[in-house]
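Good morning, and thank you for coming. Please look at the sequence and the structure on the screen, and I will then take you through several of its parts.

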Amino acid sequence: MSLSLARKAHKLYDLLDIIPEWYQAGTQRYLIHGRTLLNRNAVANGLTELEIDLSSSSLANNSNNHNHRYEDNDSDTSYKAGDHFVVYPRNADFIVDAYLNYLQVKPDASIITDDENNEGRASSYPHPKGLTVYETLSFCVDLGATPSPQFVRMMIANSKKNNRAAAVIQNYKDQVATPRRTTLDLALELEAQLSLEDVLYNLPPLQPRYYSIASSPLRTHNDTNTKDPVKTDRKSTLLLTYRSIRYLTSRGILRDGICTSYMDHLSPVVVGDCSNGSSMAGAIRSNPSFRLPSNPDTSVVMIAGGCGVAPVRSFLEERLLLHQQQGTQFGKALLFLGFRDMDDVVYVDLIEQCLSTNVLSTAHISSARNGVFRGNESTDTSVTPSSHSMISWTGGNVTDSLDNNSDLLWNHFQQGGHTYVCGGALSFGAALRAGIVSLIQKQGNMSVEDASNYLRKMVAEVRFAEDLSD
């Protein structure tokens with residue numbers, strides 16, 4: 001690998017104009033319409049709502065590149081409740097600068113790989129070619145990834161601190177993997193000599209992230225001057241609901257999630273001036289296995305925890321707008337939401353509107369850390385729990401709420417209702433599955449094996465759908 005001076009590095013939001021083939025088909029550039037912290041009372045890491053302007057996807061057509069991905073905006077920006085949105089993040093500038101300083105390379109130097117100088121040689125270069133160092137480190141390399149044992153041994157071989165290096169390699173799990181250390185963190189401690197080539201060939205590509213869409217395609221953008229949660233306007237937008245990832249490692253080092261930190265720093269456009277504000281590269285992905293039943297009379301149960309509220313919100317908004325715009329009447333719908341504490345609760349106004357219009361039959365909101373809901377979304381600081389008496393508020397977790405309503409749920413299962421589970425896969429999803437199998441076992445007087453088979457049958461019949469991720 002070698003470097004040569006190329007175009008000057010400049011601030012970019014994506015690489016769509018430079019190397020569009022690196023992105024998935026259908027990827028476009030979208031302006032950010034708004035960003036709202038939904039939990040004003042949340043102590044830390046509250047849920048955030050990002051509003052993406054779908055009509056701004058035509059900006060991608062303004063580039064000199066006329067790639068086929070951008071030709072059909074109508075199909076690329078259409079979606080259904082339950083679909084996903086792919087976000088292409090980038091590494092924070094201060095992290096990229098830290099790597100540039102440690103590696104002592106110029107950001108505007110162009111990367112030339114060996115296979116470009118030696119025709120016929122198989123390429124092992126894992127990142128897009130034809131980019132500058134700055135572009136590659138910003139958009140293509142996962143600088144937050146934990147170095148592999150092989151890469152750690154390479155750094156140790158070039159370390160000035162042999163006594164410390166021995167302890168690291170002897171206990172890779174506790175010293176590197178568990179605290180999720182980065183290449184730069186470890187290189188600084190070991191005073192290891194690293195080259196740009198070492199970093200590019202040993203760190204994985206930066207992967208896009210998938211988020212459940214939190215809105216209905218029937219909506220248009222929220223009017224912030226009204227309390228109506230589905231007030232419409234002419235501009236078409238899409239909502240993402242996410243939680244900023246920020247935590248202390250076992251070594252006491254503060255870490256931020258790459259994608260959520262990226263979204264936290266996107267600036268909404270100024271009304272009437274699209275030149276001010278951020279854009280992002282993204283794509284809509286169909287999720288056909290996660291759809292509301294085609295028959296509105298079919299009973300529905302929605303179960304979600306934390307960020308899993310996103311696809312539930314899209315379903316609620318879809319049903320409410322169908323009722324408001326087309327007069328659709330729906331069968332029974334039960335909602336079970338779980339949050340870590342009452343200050344983490346969101347979308348209460350929308351839930352209560354669905355309850356008041358019979359779009360939603362009952363709503364149960366539980367909190368692992370018991371407390372009093374203080375009205376996150378209301379501008380009235382005097383809001384009391386009695387103001388939201390249509391909702392059943394409970395302590396404990398979601399599985400407790402399911403147990404307390406086991407008769408209703410069993411009847412729902414037996415009558416062919418559709419059930420949706422949304423949230424984290426490892427903890428929430430696994431616990432919900434176990435809880436539902438236990439409920440089926442008790443209500444149906446079955447063995448564990450028969451109850452598990454009953455659940456598998458519901459999955460096979462597309463009556464039990466999950467949207468889980470970690």
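Predicted model: local features only at pLDDT ≥ 70, side-chain atom pairs only at ≥ 80, totals over all residues.

In it, six of the eight residues of H8 are buried, so the helix is largely enclosed by the rest of the structure. The buried residues are Thr 183, Leu 184, Leu 186, Ala 187, Glu 189 and Leu 190. Directly after the helix comes Glu 191, which has a positive phi, near 55 degrees.

I turn next to the open sheet. Its six strands are arranged in the order E14-E13-E12-E11-E15-E16, with parallel pairing. On average, and ignoring direction, neighbouring strands are turned by 15 degrees against each other.

Now to a pair of helices. The axes of H14 (residues 406–414) and H15 (residues 425–443) come within 10 Å and cross at roughly 85 degrees. An angle from 65 to 115 degrees counts as roughly perpendicular, and H14 and H15 are therefore roughly perpendicular to each other. On the H14 side, the contact is made by Ser 406, Asp 407, Leu 409, Trp 410 and Phe 413. H15 contributes Ile 436, Leu 439, Ile 440 and Gln 443. Sorted by class, this contact has six nonpolar, two polar and one charged residues.

Ile 111 lies in strand E5 (residues 109–112). With a relative accessible area of 5%, Ile 111 is buried, because the cut-off is under 20%. The C-alpha atoms of Ile 111 and Leu 131 are separated by 6.3 Å, although these residues are 20 residues apart along the chain.

Finally, the cysteines. How many disulfides does a search of the whole structure find? The search finds zero. Two cysteines may be noted for their burial: Cys 259 counts as buried at 3% relative accessibility, and Cys 422 counts as buried at 1%.

Key
Residues numbered from 1 in each chain as written. Heavy atoms only, no water. Disulfide = S-S within 2.5 Å. Buried < 20%, exposed > 50% of the residue type's maximum accessible area, 1.4 Å probe, protein only. Helix = DSSP H or I, 4+ residues; strand = E, 2+ residues; numbered from the N terminus. Axes fitted to C-alpha atoms, helices over the stretch in contact; angles between N-to-C directions. Parallel < 35°, antiparallel > 145°, perpendicular 65-115°, else oblique. Contact = heavy atoms within 4.5 Å. Nonpolar A, V, L, I, M, F, W, Y, C, P; charged D, E, K, R; others polar. Pairing = 2+ DSSP bridges.
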